[in-house]
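Dear colleague,

My notes on it follow.

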Amino acid sequence: MARFRCRACGQEGTFRYDGRHACPYCGSQDVQFALGIEEIPDDHPLIEAMKRLAESHDEVDAEPSDDEKGE
């Protein structure tokens, strides 16, 4: 179940995520969601991007960048 909080109508709670990005009560787009990874379809662009990032970065052999070193 996904959690949500609507800034338009003030409702919050849980619901089954169906891909819509709107409040399940009032339909407003001004809503925040907290989705569990199991709620996101495997072919969602976010999941695909995370897989590509994980495949392109080997944490064991990677040298930290200057930004990561704090320089």
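In these notes, two residues are in contact when heavy atoms of theirs lie within 4.5 Å. Please bear in mind that this is a predicted model.

On that definition of contact, S28 touches C6, A8, H21, A22 and C23, leaving aside residues up to four places away in sequence. S28 itself sits in the loop between β2 (12–15) and β3. Its relative accessibility is 17%, and S28 therefore counts as buried, the cut-off for this being under 20%.

Is D43 buried or exposed? With a relative accessible area of 61%, D43 is exposed, since that class begins over 50%. D43 also belongs to a negative surface patch, which it forms with D42, E48 and E55.

As to the chain as a whole, there are three strands and two helices, and from the N terminus on they follow the order β-β-β-α-α. The chain has 71 residues, of which 18% count as buried. Its accessible surface comes to about 5700 Å², and carbon and sulfur atoms account for 47% of that area. Among contacts between residues at least 6 apart in sequence, 22% join residues at least 24 apart.

With kind regards

Methods
Residues numbered from 1 in each chain as written. Predicted model: local features only at pLDDT ≥ 70, side-chain atom pairs only at ≥ 80, totals over all residues. Heavy atoms only, no water. Patch = residues over 30% accessible without salt bridge, like charges linked within 9 Å, V, L, I, M, F, W, Y side chains within 5 Å. Areas by Shrake-Rupley, 256 points an atom, 1.4 Å probe, with all protein chains shown as cover. Salt bridge = Lys/Arg side-chain N within 4 Å of Asp/Glu carboxyl O. Lys, Arg positive; Asp, Glu negative; His and termini not counted. Charge placed at Lys NZ, Arg CZ, Asp CG, Glu CD. Buried < 20%, exposed > 50% of the residue type's maximum accessible area, 1.4 Å probe, protein only. Helix = DSSP H or I, 4+ residues; strand = E, 2+ residues; numbered from the N terminus.
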